[in-house]
Amino acid sequence: MAQILIFLGPPGAGKGTQARVVARELGIPHVSTGDILREAARKKTSLGLAAKAKMDKGELVPDDVISPIVEERLSRPDCREGAILDGFPRTIAQAKFLDAMLERVGFGEPLVLNIQVATDSVIKRLTGRRTCQACGEIYNVYMNPPRHGGICDKDGGRLVQRADDNEEAIRIRLKAYEQDTLPLIDYYQRKNALRQVDGSGDPEAITGRLLSLVKTHDYL
Ligand code: AMP
């Protein structure tokens, strides 16, 4: 039965970086709600413009805006074998919506991987983050710098800083995480769906831990 993997963790835990690699490894789509919203903002759709105002401040967009977007994305044929959800759910209401939706669509129970990192390392990960404008590859100027400053190693695209990777927005995002997202750990623990993953160390080691958990769980 197709199953969804959910990557949980605070902003800056490395969810996006890891979800890209693990999705590639497993041959399933990486569904990042942040990426979907940033793309909509770039295209200046009405959704994108409304979401951008919230995102730039570090606030969450409303549940009833983001949930149907996820439902539409997971209903596409490329998700038939499964998908990695990165950035969703972020509230208990979103988790309940997802549960009902997965049952309706005929997916099994999701497997939730919680990437644990120390909060003091999160600020450095977020302020140092740079993303390739062309392919979305993620770098960090302190921990994982590109070979040539400001340019993507993979395709030479320009590296940019996210509008919400500034100190004020980071503070609000961490608060939103603590208030709205942290309760999901308990929610999924009660369902016995949660696995803890050490998010420290180099990115390859973290990918190895994630993949071995997924394999132990007999996923795919
Ligand atoms: P991310 O790329 O996951 O860090 O998300 C960036 C921003 O997009 C967040 O700070 C929110 O403003 C918005 N966002 C992404 N996913 C969600 C979600 N599931 N619920 C509400 N807002 C979201």
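Which residues line the second largest pocket? In this predicted model, the lining is formed by Thr17, Gln18, Arg20, Val21, Arg24, Glu137, Ile138, Asn144, Lys154, Pro203, Glu204 and Thr207. The volume of the second largest pocket is about 300 Å³. Two helices, H1 (15–26) and H9 (203–216), each contribute at least two residues to this lining. The greatest contribution is that of H1, which provides five residues. Sorted by class, the lining comprises five charged, four polar and three nonpolar residues.

Alanine 13 belongs to the loop that runs between strand S1 (3–8) and H1. This alanine has a relative accessibility of 2% and therefore counts as buried, the cut-off for that class being under 20%.

Salt bridges were searched for across the whole structure, and 18 were found. One of them pairs aspartate 56 with lysine 52, with 2.7 Å between the closest N and O atoms. Both residues belong to helix H3 (residues 46–57), where they are separated by about one helical turn because they stand four residues apart. Aspartate 56 is partly exposed at a relative accessibility of 30%, and lysine 52 is likewise partly exposed, at 33%.

Other salt bridges involve buried residues. Arginine 162 and aspartate 164 are joined through their side chains, with an N to O distance of 2.9 Å. Aspartate 164 has a relative accessibility of 9%, so this residue counts as buried. A further salt bridge connects the side chains of aspartate 165 and arginine 173, at 3.0 Å from N to O. Here both partners are buried: the relative accessible area of aspartate 165 is 4%, and arginine 173 has a relative accessibility of 10%. Through shared partners, salt bridges unite Arg129, Arg162, Asp164, Asp165 and Arg173 in one network.

Valine 141 is situated in the loop between strand S6 (138–140) and strand S7 (159–160). With a relative accessible area of 38%, valine 141 is classed as partly exposed.

Backbone geometry was examined at several loop positions. The peptide bond leading from phenylalanine 88 to proline 89 is cis, and its omega is near -5°. Proline 89 is placed in the loop between strand S3 (82–86) and helix H5 (92–105). Positive phi values also occur at residues other than glycine. Lysine 44 has a phi of about 60° and is located in the loop connecting helix H2 (33–42) with H3. The relative accessibility of lysine 44 is 60%, so this residue counts as exposed. Asparagine 192 likewise has a positive phi of about 60°. The loop that contains asparagine 192 lies between helix H8 (183–190) and strand S8 (194–198). Asparagine 192 is exposed as well, its relative accessible area being 59%.

How values were computed:
Residues numbered from 1 in each chain as written. Predicted model: local features only at pLDDT ≥ 70, side-chain atom pairs only at ≥ 80, totals over all residues. Heavy atoms only, no water. Buried < 20%, exposed > 50% of the residue type's maximum accessible area, 1.4 Å probe, protein only. Salt bridge = Lys/Arg side-chain N within 4 Å of Asp/Glu carboxyl O. 1 Å grid on protein atoms, 1.4 Å probe; cavity = no way out; pocket = protein on both sides within 12 Å on 5 of 7 lines; lining within 4 Å. Points joined across faces, edges and corners; volume = space filled by probe spheres on them. Nonpolar A, V, L, I, M, F, W, Y, C, P; charged D, E, K, R; others polar.
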